[in-house]
Amino acid sequence: MESASLAQRAVLPPVSPRRRRTDRMVRALLWLATGVAIVPLVLVIFYILSKGIGALSVEFFTTDPTGDFLGAKGGVKSAILGTIEIVGFAALLAVPLGVGVALYLTEYGRKGRLAQAVRFFVDVMTGVPSIVFGLFIYLTLVLAGTGGSSFAGWKGSAALALLMLPVVTRSAEVVLNLVPDSLREAALALGAPRWKVIVRVVLPSAASGIVTGSLLAVARAAGETAPLLFTATIVKATTFDLNQPMNSLPAQIFQDLKQPNDELVQRAWGAAVTLVAMILIVTLIAKLIQRRSRAMGVR
Amino acid sequence: MEAGTQAAPGGGRSLDRSPLARLPDRVVRIGLTAISAAILLLLAYFFVKLALEARPVFEKFGVLNFVFENNWDVSKGIYGALPLLVGTLITSALALTIGVPVAVAVALFLTELCPRRARGSLTVLVDMLAAVPSVVYGLWAFYFLIPKLKPVEQWFADTFHFVPFVATENVAGPNYFIAGLILAIMILPIVSAISREVLSTVPADQKEASLALGATRWEMIRTSMLPYARRGIVGGSMLGLGRAIGETIAVTIVIGDNPILGHSIFDQGYTLAAVIANEFSEAASDPLHKAALIGAGLVLFVLTLLVNSVARLLVIRSERQGSKPIAMGV
C-alpha cells in the first residue's frame with residue numbers, strides 16, 4: 001500500500017493547485033453550458049403550453065378561421081388538414097425520388113464521376129435556404145400557372161419536397177451502405193438479377209432506416225413556413241383539392257402572430273402547441289423505429 | 001447436332017438470360033441514373049432561372065451596385081442590398097459567437113463528463129431543440145424574449161457603450177441581437193451534434209496516453225481532443241452558419257423590418273431572407289421590386305453555397321482522419 005503510493009509519487013508529481021482549479025472551473029463551465037443549452041427548450045415548451053393550452057377546445061380543432069375581426073375567430077381546422085395534406089404529398093414526391101437517388105449512389109454509381117457530382121450537389125441542396133426553394137417554385141410553377149392554378153397546395157408540396165429530398169437521400173444512402181455486401185453477393189450468386197437483389201434484399205434490410213430518415217425529413221418539413229408563404233399561401237377554408245390554395249399551421253401562426261387582437265394571438269399559441277405536438281409525435285415514431293431496429297442488430 | 005452441341009440448355013451457359021429477361025434490370029439502372037442526373041439538371045435550371053428573373057435589377061443597377069449599395073428604398077424604386085446583406089452577416093455572426101461555444105461545451109460535456117445514465121436523455125433534449133419549428137421560436141421570442149431582455153440589453157448598452165456597435169440611446173424591441181440569439185438557439189443542436197460525432201472519433205489511446213502522462217481532464221481535452229477535432233468542429237460551425245444565413249421566419253419576426261443599416265447590435269435591422277418573406281406580396285405587381293427580391297434570393301443562395309462548400313470540405317477531411325463517417329445535416 002505504502003510503497004505503491006510512494007512509487008506513484010515518484011512518477012507523477014501531484015497536480016498543482018492552479019491546474020486543479022482550472023480543471024474544476026472548466027468542468028463547472030461545461031456543466032453550466034449544458035444547462036444553458038437546455039434552458040431555451042424548457043422555456044419554449046413551458047411558455048407555449050401555458051399560453052396555448054387555454055386555446056385548445058373542440059371548436060379550435062373543428063372550425064375554420066373565420067376572418068371576422070369582431071365576431072368569433074374560428075379555429076385552425078383548415079390549417080391542420082392543410083399541413084397534413086401538403087406535407088403528405090411532399091413526402092409522396094420526395095421519398096421515392098430520394099430513395100431512388102440513394103439507390104443509384106450505392107448500387108450503381110458508387111465512386112463514379114456522376115455519383116460524386118450527385119453526392120456533392122445533394123449536399124449543396126441541404127444548404128439552400130428554404131425561402132429560396134419557395135422563390136423558385138413561385139417563379140416556375142405559380143407564375144406560370146401550371147395546372148391551371150396560381151397558388152396551390154401541391155406547389156407548396158413541391159417546395160417542401162425540394163427541401164426533403166436531400167435529407168431523405170443522404171440518410172437513405174447511409175443505411176443502404178450499411179447493408180453488408182455479402183448479402184448482395186449471395187443473392188447475385190444465386191442468380192438473382194440486379195433489380196431483384198435491390199427490391200428483395202437491399203431495400204428490406206435497409207427499410208427501417210429509410211423509414212426513420214423519411215420521417216425525420218417529414219418532421220422538418222412540417223415546421224417550414226417560408227416556402228409555403230408564396231406557394232400555398234394562407235387561406236381560411238378547408239380544402240381537399242391540392243390544386244387550390246391551402247392553409248397550413250406554420251403559415252397560420254405567422255399570420256396571427258402580430259395581429260393587434262388577443263384572440264388571434266391566442267389562436268397562434270394554440271396552433272403552435274398543435275404543431276409542436278404533431279412534429280414531436282413524428283420524431284418520436286422515427287426514433288422508436290430506429291431504436292427497435294438497432295436492438296435487432298441491423299441499423 | 002441434336003441435343004449436345006446446340007447451345008446446351010442445361011450446359012455451361014445456363015446462367016444467360018434472354019434479352020427480354022434482362023430488360024427490367026436495364027430499366028431500373030437507366031431509370032435510377034436518369035433520376036440522379038435530373039437532380040443535377042434541376043439545380044442548374046434553378047440557378048439559371050433565379051439569375052434570369054433577377055436580371056432587370058442587375059441591368060438597372062449593375063450587379064456590384066445592387067449588392068454593395070447602402071440604399072434600399074422601395075418607395076423610390078432604389079435597390080441596394082447592402083443593409084440586408086450586412087444584417088444577415090451581423091445576425092449570423094452573433095449566432096456563431098453565442099451558439100458555437102455553448103454547442104462545443106455541450107458536446108464535450110456529453111462525450112467526456114456526463115454520467116452514463118444521463119447521457120441518452122440529455123442528448124435527446126439537445127436534439128429536440130431542432131424539432132421546434134422556426135415560426136414557434138419566432139412567436140416565443142416576440143412575446144417572451146423581447147420584453148424580458150429589453151432592460152438587460154439597455155443596461156448592457158449603457159454600461160459597455162465604449163465597445164463598438166453596442167452603444168445606443170434607446171434599445172429597440174426587435175433588433176439584431178435578439179435575432180442573433182434566436183439563431184444561436186436554432187444552430188446549437190446541429191453544431192453540437194457534429195462536434196459530438198467528431199469528438200467521439202478521437203482515438204481512446206490518445207486520450208488515455210495524455211491522462212497517463214498526468215494531465216487533468218481539461219488538459220487532456222485541450223491537448224489531445226480539441227486539436228484532433230478542430231477541423232470537424234469548424235466544419236460543423238460553418239454548417240450552422242449556413243443555416244443561420246438562410247433562416248427566414250424566426251428572423252423576420254424579431255428583426256424589426258428596417259432596411260437602414262443600424263449603428264448598434266441593439267438597433268432594428270433587416271436581413272436578405274426576411275426582406276423576401278415580408279415584401280413579396282406587395283412586390284408581385286412591381287416587376288423591378290420583384291426582380292430585386294429575387295436578386296436578394298440569389299445573393300443568399302450564393303452566400304450559403306460558399307459557406308456550405310467550405311463546411312463540407314472541412315467535415316469530410318476530418319472524417320477521413322478518423323475512420324467513422326459523420327452524419328451531416330440531418
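Predicted model: local features only at pLDDT ≥ 70, side-chain atom pairs only at ≥ 80, totals over all residues.
**Entry 1: chain A, the elements**

I started with chain A and looked up its secondary structure. I found 12 helices and 0 strands. Reading along the sequence, I wrote the pattern down as α-α-α-α-α-α-α-α-α-α-α-α.

**Entry 2: chain A, the overall form**

Next I asked myself what radius of gyration chain A has. The value is 26 Å, while a compact globule of 299 residues would come out near 19 Å. I also looked up the box that the C-alpha atoms of chain A fill, and along the principal axes it is roughly 85 × 65 × 35 Å. Of the 299 residues in chain A, 47% are buried. For contacts in chain A between residues at least 6 apart in sequence, I noted that 75% join residues at least 24 apart.

**Entry 3: chain A, its domains**

I then turned to the domain assignment of chain A. It gives domain 1 as 2-55 and domain 2 as 60-295. How far apart do the C-alpha centres of these domains of chain A lie? I read off 38 Å between domain 1 and domain 2. In the contact of the two, domain 1 of chain A takes part with 6 residues and domain 2 of chain A with 8 residues. On the side of domain 1 that touches domain 2, I listed 4 nonpolar residues, 1 polar and 1 charged.

**Entry 4: chain B, the elements**

Chain B came next. Its secondary structure comes to 12 helices and 2 strands.

**Entry 5: chain B, the overall form**

Chain B has a radius of gyration of 27 Å, whereas a compact globule of 330 residues would have one near 20 Å. The C-alpha atoms of chain B fill a box of roughly 105 × 70 × 35 Å along the principal axes. I noted that 46% of the 330 residues in chain B are buried. Among contacts in chain B with a separation of 6 or more, 75% come from residues 24 or more positions apart.

**Entry 6: where the chains touch**

**Entry 7: two positive phi values**

Last, I looked at two residues by name. A:Thr233 is not a glycine, yet its phi is positive, near 55°. I located A:Thr233 in the loop between α10 (226-229) and α11 (249-257) of chain A. Is A:Thr233 buried or exposed? It is buried, because 20 other C-beta atoms lie within 10 Å of its own, and 20 or more is the cut-off for buried.

B:Asp257 also has a positive phi, about 55°, although it is not a glycine. I found B:Asp257 in the loop between α10 (249-254) and α11 (272-283) of chain B. B:Asp257 has 14 C-beta neighbours inside 10 Å, so I put it down as partly exposed; a residue with 12 or fewer would count as exposed.

Key
Residues numbered from 1 in each chain as written. Chains lettered and ligands numbered in written order. Helix = DSSP H or I, 4+ residues; strand = E, 2+ residues; numbered from the N terminus. Rg over C-alpha atoms; globule rule 2.2 N^0.38 Å. Contact = placed C-beta atoms within 7 Å. Domains from an automatic or database assignment. Nonpolar A, V, L, I, M, F, W, Y, C, P; charged D, E, K, R; others polar.
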